Amino acid sequence: MSDEYLLDTPVVHEFVHDVRAAIAAAPSAAAACDAIRPRFGALLADPDWLPERFQQPNPDSGMGGGIGQWLLFRGADRELTLFALVVPAGAATPIHDHLAWGLVGLYRGSQDEEIYDDRVDLKEQRALAPGDFYALLPPRDDIHRVRTTSPEQSVSIHLLTNDTGCVWRHSYDEHTHQAEPFRSGYVNVPCD
Ligand SMILES: [Fe+2]
């Protein structure tokens, strides 16, 4: 397998190059996230790099609610992915985990994020505006749900160190607190 650039532009190539260099030079995942922060913030602040076709909901969503997960880049050994998550107005993701570290930030629209502890009890709630982003360093704060609060869809950008759309992870029932196997898929690329 080789690197896959679903969005094959100089901006994405340069971003991935810089991210890989930062990861290679960093002594830990947390240090890598810190090193990538300025680059990730610049991507969120750039209004021009993400075509409209990657900012559309998906009526056939495997996640429900018309949510679209658009793959933009995937590394040959599936150790790194960049994707856009589109959540329509009023829709929410299931409560889910990611099982990989990386950075997640809001590009367009607004969201409420609910973070759950490992017993799937609500721990924290926060509002996200465009440009807001955070490092995801599991197991800390790996279980969450996001809901779009803007009148238009929200678009968040995820840089994660696994093939998030295709790995089996977990969704959680908010009432029973039970985990279920969960694979979100991508709109534009099948999983093997
Ligand atoms: Fe998530």
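**View 1. Polar contact between glutamine 111 and serine 154.** In this predicted model, the side chains of glutamine 111 and serine 154 form a polar contact of 3.0 Å. Glutamine 111 belongs to strand β6, residues 111-116. Its relative accessibility is 2%, so glutamine 111 counts as buried. Leaving aside residues up to four places away in sequence, the residues that glutamine 111 touches include Leu106, Arg126, Leu128, Val146, Thr148 and Ser156.

**View 2. Strand β5 and its two partners.** Strand β5 covers residues 102-108, and seven of the seven are buried, so the strand is largely enclosed by the rest of the structure. Strand β8 (residues 133-136) pairs with β5 in the antiparallel sense over four bridges. Within this pairing, glycine 105 has phenylalanine 133 of β8 as its bridge partner. Strand β10 (residues 154-160) also runs antiparallel to β5, joined to it by six bridges. Here leucine 106 stands opposite serine 156 of β10.

**View 3. Salt bridge at arginine 108.** The side chains of arginine 108 and glutamate 152 meet in a salt bridge with an N to O distance of 3.6 Å. Arginine 108 lies in strand β5 and glutamate 152 in the loop between β9 (143-148) and β10, so the pair ties together parts 44 residues apart in sequence. Arginine 108 has a relative accessible area of 19% and is buried, whereas glutamate 152, at 33%, is partly exposed.

**View 4. The iron site.** The iron ion has as protein donors the NE2 atoms of His96, His98 and His144, which lie 2.1 Å from it. Along the chain, the donors follow the spacing H-x1-H-x45-H. Histidine 96 is buried, with a relative accessible area of 6%; histidine 98 is buried too, at 2%.

View 5. Aspartate 18 and arginine 39 meet through their side chains in a salt bridge of 2.6 Å, N to O. Aspartate 18 is in helix α1 (residues 10-25) and arginine 39 in helix α2 (residues 29-45), so the pair ties together parts that are 21 residues apart in sequence. Aspartate 18 is partly exposed at 31% relative accessible area, and arginine 39 is partly exposed at 26%.

**View 6. Salt bridge between arginine 78 and glutamate 4.** The side chains of these residues, arginine 78 and glutamate 4, meet at 3.8 Å, N to O. The pair links distant parts of the chain, 74 residues apart: arginine 78 is in the loop between β2 (68-74) and β3 (81-87), and glutamate 4 is in strand β1 (residues 4-5). Glutamate 4 is partly exposed, with a relative accessible area of 23%. A network of salt bridges links Glu4, Arg74, Arg78, Asp163 and Asp192.

Conventions: Residues are numbered from 1 along each chain as its sequence is written. This is a predicted model: local features need pLDDT of at least 70, side-chain atom pairs count only at pLDDT 80 or more; totals for chains, interfaces and linings use all residues. Side-chain values use heavy atoms; hydrogens and water are left out. Donors are N, O and S atoms within 2.8 Å of the metal (3.2 Å for Na, K and Ca); water is not among the atoms, so sites may look incomplete. Buried means under 20% relative accessible area, exposed over 50%, partly exposed in between (1.4 Å probe, protein chains only). Helices (H or I, at least four residues) and strands (E, at least two) are DSSP runs, numbered from the N terminus. Two strands pair if DSSP finds at least two bridges between them. A polar contact is a pair of N or O atoms within 3.5 Å; within protein, one must be able to donate a hydrogen and the other to accept it, and residues adjacent in sequence count only if both atoms are side-chain atoms. Contact means heavy atoms within 4.5 Å. A salt bridge is a side-chain nitrogen of Lys or Arg within 4 Å of a carboxyl oxygen of Asp or Glu.
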